[in-house]
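Please examine the sequence and the structure shown below before reading on.

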Amino acid sequence: MVDFAHSKIKCVLNPGDICIDATAGNGHDSLFLAKNIGPNGKVLAIDIQETALAETKNRLKDHGLSHLLETHNGSHTDIANLIIKESKGEVAAVMFNLGYLPGGDHGIVTKLESTTSAIEQAYEATRKGGLISVLCYRGHAGGKEEALAVLQLCEIKQWSTEIFSGNESNISPQLVLIRKT
């Protein structure tokens, strides 16, 4: 599902774009974004865990792309505060991977209230034609409810969405793509 999300996001990226990795994790999405918006773009990576941001910084440094990265230790609900006035409505893509940090503390997870707020902020920050990917992991406690809240938000807001599931299991990962129209 991550590779599929990347293939969809890649279609809206151009050199020099601004992108957001709203849940930096181990930095895989930040690296993907940086590779596709260089040499002059910017990736804003947000995570509540310092270890995740350190991993993200190291990953981009190892690929010679650290100059494109700006990290922020905090919640994904900080998006509106991180987007400078001139960039509002100019973000090409925002990526979310919900749940917990792989290899990290499984007690630290995204929550539906903060996630829905963050997605609304991401939509406001995104340019027309931009894309938001929300990869919902439904196998952990609260994961199904969070995924459902994401779908309900998209329906209420009447956003243009595409939904993909890993398989027919009700706990398989679910990818929600939101296109700003």
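This is a predicted model: local features need pLDDT of at least 70, side-chain atom pairs count only at pLDDT 80 or more; totals for chains, interfaces and linings use all residues.

Phe164 is partly exposed, at 23% relative accessibility; by definition, buried means under 20% relative accessible area, exposed over 50%, and partly exposed in between (1.4 Å probe, protein chains only). Residues are numbered from 1 along each chain as its sequence is written, and side-chain values use heavy atoms, without hydrogens and water.

A search of the whole structure finds 2 aromatic pairs. Rings of Phe, Tyr and Trp (its six-membered ring) pair if their centres lie within 6.5 Å; planes under 30 degrees apart count as stacked, over 60 as edge-to-face and the rest as tilted.

| Pair | Centre distance | Plane angle | Class |
|---|---|---|---|
| Phe4 and Phe164 | 4.7 Å | 75° | edge-to-face |
| Tyr123 and Trp159 | 4.3 Å | 15° | stacked |

Tyr123 is buried, with a relative accessible area of 10%, and Trp159 is buried at 11%. Phe4, by contrast, is partly exposed at 32%. The charged end of Lys180 sits over the ring of Tyr123, 5.1 Å from its centre; this requires NZ of Lys or CZ of Arg within 6 Å of the ring centre and within 35 degrees of the ring normal.

The search of the whole structure finds 0 disulfides, a disulfide being a pair of cysteine sulfur atoms within 2.5 Å. The sulfur of Cys154 lies 8.7 Å from the closest cysteine sulfur, in Cys136, which is too far for a bond. Cys154 is buried, with a relative accessible area of 4%.
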